[in-house]
Amino acid sequence: MLDRAKTAFTTHPHAVGESYFEHFGAAMRYSGTFFFCAFCAFVHAFLPFLFEKTASTTVRKMVADMDARMHAPQGKVEPAAQPAE
């Protein structure tokens, strides 16, 4: 029973070359980014002169990071030193 539970928590992280906690950290960072984008889009809906490109620029960077993680050995990627648009 315990082995089955461990497998449920580690199969996907190991498939992408990460430990459970490495994968947890990455997923939590993406979650925070999604919350940030949702906030910016919400404010932008009411005040269109604010956060004009913030959510879309952030999502593009997040997708680039996810793509890089997919192709990096062991799922490890160095943060890009690219300035925000």
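The following paragraphs lead through the structure from its overall plan to some of its individual residues.

The structure is a predicted model, in which local features need a pLDDT of at least 70 and side-chain atom pairs count only at pLDDT 80 or more, while totals for chains, interfaces and linings use all residues. Residues are numbered from 1 along each chain as its sequence is written, and side-chain values use heavy atoms, with hydrogens and water left out.

The protein has 3 helices and 0 strands; helices (DSSP runs of H or I, at least four residues) and strands (runs of E, at least two) are numbered from the N terminus. The order of elements from the N terminus is therefore written α-α-α. Of the 85 residues in the protein, 20% are buried. Here, buried means under 20% relative accessible area, exposed means over 50%, and partly exposed lies in between, with a 1.4 Å probe and protein chains only as cover. The protein exposes about 6800 Å², and carbon and sulfur atoms supply 69% of this area. Such areas come from the Shrake-Rupley method with a 1.4 Å probe; for residues, only the protein chains shown count as cover. A contact is a pair with heavy atoms within 4.5 Å. Among contacts with a separation of 6 or more, residues 24 or more positions apart account for 42%.

The helix α1 covers residues 2-15 and contains P13. Is P13 buried or exposed? At 5% relative accessibility, P13 counts as buried. Apart from its neighbours within four places in sequence, P13 is in contact with E18, S19, Y20 and H23. The C-alpha atoms of P13 and H23 are separated by 5.7 Å, although these residues are 10 residues apart along the chain. F24 belongs to helix α2, and its C-alpha atom is separated by 8.5 Å from that of P13, 11 residues away along the chain.

Helix α2 has 27 residues and reaches 39 Å from its first C-alpha to its last, close to the 39 Å expected at 1.5 Å a residue. The expected span of a helix is 1.5 Å times one less than its number of residues. Within α2, the residues G25, A26, Y30, C37, C40 and V43 are buried. The cover over the buried residues of α2 includes α3.

Helix α3 can be described in a similar way. Its 18 residues should span 26 Å at 1.5 Å a residue, and its end C-alpha atoms are 26 Å apart, which agrees. Which residues of α3 are buried? They are A55, T57, T58, M62 and R69. Seen down the axis of α3, these buried residues fall within an arc of 165°, so they line one face of the helix. The arc is that of the directions from the helix axis to the C-beta atoms. On the face turned away from the buried side, α3 carries the exposed residues R60, M70 and H71. What covers the buried residues of α3 includes α2.

Side chains of opposite charge can pair when their charged atoms come close. A salt bridge is a side-chain nitrogen of Lys or Arg within 4 Å of a carboxyl oxygen of Asp or Glu, and by this rule the count comes to 1. R69 pairs with E18, the closest N and O atoms being 1.9 Å apart. This pair links distant parts of the chain, for R69 lies in helix α3 and E18 in the loop between α1 and α2, 51 residues apart. Both R69 and E18 are buried.

The loop between α2 (20-46) and α3 (54-71) holds L50, and F51 is found in the loop between α2 and α3 as well. L50 is partly exposed, with a relative accessible area of 34%, and F51 is also partly exposed, at 32%. The phi angle of F51 is near 50°, a positive value in a residue other than glycine.

Finally, L50 and F51 belong to a nonpolar patch on the surface, together with F39, F42, F46, L47 and F49. The accessible area of this patch is about 740 Å². Patches are made of residues with over 30% relative accessible area and no salt bridge; like charges are joined within 9 Å, and nonpolar side chains (Val, Leu, Ile, Met, Phe, Trp, Tyr) within 5 Å.
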